[in-house]
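Here are my notes on the interfaces in this model.

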Amino acid sequence: MSEQAATPAPTAAARPAEKAESLLLRHVAAFFESPLAVVGLAGLVLLVAAALAAPLIAPQDPYDLAQLDIMDGTLPPGAESLAGYTYWLGTDEQGRDMLSAILYGLRISLGVGAVSVVIACAVGASIGVLAAYAGGRIDSLVMRVVDLQLSFPAILVALVLLAVFGRGVDKVIIALVIVQWAYYARTVRGSALVERRRDYIEAARCLALPKSRIVFRHLLPNCLPPLIVVATVQVAHAIALESTLSFLGVGVPVTEPSLGMLIANGYDYLLSGKYWISTFPGIALVAAIVAINLVGDRLRDVLNPRLSR
Amino acid sequence: MLVYVIRRLGQAALVLAVMATLVFIAVYAVGDPVAILASPQADQQEMEAITRRLGLDRPLYEQYALFVWNALHGDLGRSFVYNEPALTLILNRLPATLELALTALLISIFVGIPLGLYAGLKPQSLGGHSIMAGSILGFSLPNFWQGLMLVLLFSVMLGWFPAGGRGTTRDLFGVPVSFLTLDGLAHLILPALNLALYKMALVIRLTRAGTREVMLQDYIRFARAKGLSQTRVIGVHVLKNILIPVVTVLGLELGSMIAFAVVTETVFAYPGIGKLLIDSIGRLDRPVIVAYLMLTVVMFVIINLVVDLIYAAIDPRVRLEEAKA
């Protein structure tokens with residue numbers, strides 16, 4: 001808007017940029033038409049903010065043993081501590097405030113999900129677009145590997161990888177990347193096969209641009225919309241998968257507990273009726289996954305008009 | 001067709017060989033099982049004796065050659081922990097997992113199809129919307145969390161079903177099964193429901209999409225015009241036509257159900273092969289991990305092979321394209 005005011009008479013060069021902006025604005029406007037998607041986005045922003053600000057807003061540092069008092073162990077929600085402040089979501093067996101533990105756990109869960117998706121997306125998209133551009137034997141070899149990997153359930157592949165690597169946040173991320181890259185490779189290849197027959201690729205070839213420039217600057221950007229949709233939904237999948245692995249005891253280490261691990265820790269207490277240790281981290285996990293899915297579903301409808309019903 | 005079958009069999013064998021090698025290299029790179037098996041007081045000599053007994057002192061390629069040779073003879077090694085053949089250990093627990101998976105499959109079909117049918121016939125009704133919302137949750141929420149909530153609701157709060165274990169079993173043709181005793185059935189319900197939820201969501205979506213499509217077809221209008229009752233139109237004309245994709249997908253998903261049983265069995269302490277796998281990973285019991293993975297790989301390769309062959313039999317385009325490539 002301000003740009004328009006600054007240049008009252010748009011030059012020929014400025015016009016495409018303006019068009020792109022209005023397209024983006026149109027997408028944003030379309031996104032906000034769905035109240036559910038707005039709720040999802042608001043929830044997601046709130047959760048991410050809470051996770052980022054955890055050290056500032058958490059009542060205690062749950063991993064500073066000096067702040068924990070074993071006498072406060074397994075207190076129900078709303079109980080007062082010996083030091084006099086209230087545990088709104090109760091405490092675990094070591095007297096750790098669950099609210100603080102959840103805020104810190106959210107950091108790890110969301111972080112692992114986001115980082116693994118970004119890396120997997122970059123790796124998968126590069127492989128997919130190169131395969132589509134190269135075609136022939138390379139293409140069919142890559143796609144065979146993708147097919148092979150996708151024929152095994154992600155949970156099983158990740159489980160085996162982590163059994164090999166051992167525990168650790170970095171190792172979980174590596175395992176999630178290996179499990180996920182094939183989705184992106186397949187998605188990007190699909191749209192790249194269509195795009196590479198378009199005239200602008202032909203034009204770029206006629207200009208004798210280097211291959212890498214054609215692939216990454218011309219072909220790849222035009223394959224992005226479906227990739228964005230897959231990536232958004234995959235963040236939710238990655239978070240769910242990480243929490244499952246941590247619940248099974250092969251994911252993050254005890255020193256950096258994600259939400260899945262907090263849930264696993266509280267499982268023994270669940271059977272004796274102390275529901276809060278497992279339930280509240282679970283609600284945080286579910287809220288994050290549902291919020292991301294709501295946003296992802298709406299993005300799919302907005303970015304792909306053919307799919308809208 | 002024969003060319004296609006031979007090609008496809010060759011591919012399956014290749015996949016098996018590659019996976020076996022990957023599994024072997026991966027699993028044998030994990031940790032040091034001697035450190036876990038030996039008692040903390042064990043001295044150097046005892047440790048060496050254990051290493052020798054397990055065959056871990058030989059070079060890796062020798063271990064690999066032995067592994068391949070033995071695997072071809074149906075011997076996947078002895079469990080370090082139980083000192084039993086790993087394959088026997090798994091086969092003993094396989095019936096429990098199969099029973100769980102099949103029960104879950106039945107639940108997802110007999111609950112999922114009616115719900116999907118309803119949602120497809122009345123997409124704008126409150127019931128239709130609720131079913132779809134439920135199926136989205138079934139899809140996206142982690143399986144173990146759904147299991148925990150089932151335990152919390154039905155075992156801890158209501159006290160209707162036990163929270164874990166397999167209960168009393170009775171032998172059926174020499175195989176212990178739990179669905180023949182009341183106690184076993186009570187133990188089976190929650191884990192089976194947990195395992196079924198994800199597939200149920202899938203069945204609901206497939207059925208709903210199929211129903212909406214079929215309802216617009218001319219033969220449905222014709223059946224109505226003939227004056228057939230609503231029950232007959234839906235029960236025969238609609239249901240028959242939507243079942244094909246549902247059955248195809250469920251056949252494909254049976255394998256992933258057995259893989260997902262790892263999670264369900266851990267939540268419900270259910271003594272199947274999934275629980276065995278998790279326990280074995282914790283104890284670095286390599287032969288059992290390898291045997292489990294090999295069994296799963298074989299199962300998946302067979303399922304994919306059968307599905308491809310059926311497709312090729314139904315649709316000639318598949319085998320023609322393959323023959324060209």
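1. Start with the chain contact. Chain A puts 33 residues into it, and chain B puts in 36 residues. Keep in mind that this is a predicted model.

2. Next, the area. About 2,900 Å² is buried between chain A and chain B. Carbon and sulfur atoms account for 83% of that. On the chain A side, F152(A), L156(A) and L248(A) together supply 17% of the area buried against chain B.

3. What about polar links between the chains? The salt-bridge count between chain A and chain B is zero. Residue pairs in polar contact number two, counting pairs with both residues at pLDDT 80 or more.

4. Which helices of chain A carry its side of the contact? Five helices of chain A are listed with at least two residues each: α6 (136-150), α7 (154-165), α11 (224-248), α12 (259-270) and α13 (276-303). Of these, α13(A) gives the most, with nine residues.

5. The residue classes on that face are as follows. The side of chain A that touches chain B has 23 nonpolar residues, nine polar and one charged.

6. Now the record. UniProt, in an unreviewed entry, places "transmembrane region" features on chain A at residues 36-58, 108-133, 145-166, 172-188, 219-240 and 275-296. Two of these spans can be set against the model. Residues 108-133 of chain A are 100% helix and 0% strand, with end C-alpha atoms 37 Å apart. Residues 145-166 of chain A are 82% helix and 0% strand, and their end C-alpha atoms lie 25 Å apart.

7. Turn to the inside of chain B. The domain assignment gives domain 1 as 1-80 + 288-325 and domain 2 as 94-283. Their contact takes 11 residues from domain 1 of chain B and 17 residues from domain 2 of chain B.

8. How much area is buried between domain 1 and domain 2 of chain B? The figure is about 1,100 Å², with 82% from carbon and sulfur atoms. Across this domain interface the rule finds zero salt bridges. It also finds zero residue pairs in polar contact, with both residues required to be at pLDDT 80 or more.

9. One helix stands out on the domain 1 side. Helix α12 (residues 286-314) of chain B gives the most to the face of domain 1 that touches domain 2, with 10 residues. By class, that face of domain 1 of chain B has 10 nonpolar residues, one polar and no charged.

Definitions and conventions
Residues numbered from 1 in each chain as written. Chains lettered and ligands numbered in written order. Predicted model: local features only at pLDDT ≥ 70, side-chain atom pairs only at ≥ 80, totals over all residues. Heavy atoms only, no water. Domains from an automatic or database assignment. Contact = heavy atoms within 4.5 Å. Buried area = accessible area lost by both parts, 1.4 Å probe. Salt bridge = Lys/Arg side-chain N within 4 Å of Asp/Glu carboxyl O. Polar contact = N/O pair within 3.5 Å; in protein donor to acceptor, adjacent residues only side chain to side chain. Helix = DSSP H or I, 4+ residues; strand = E, 2+ residues; numbered from the N terminus. Nonpolar A, V, L, I, M, F, W, Y, C, P; charged D, E, K, R; others polar. UniProt positions renumbered as here; feature names shortened; annotations may be inferred.
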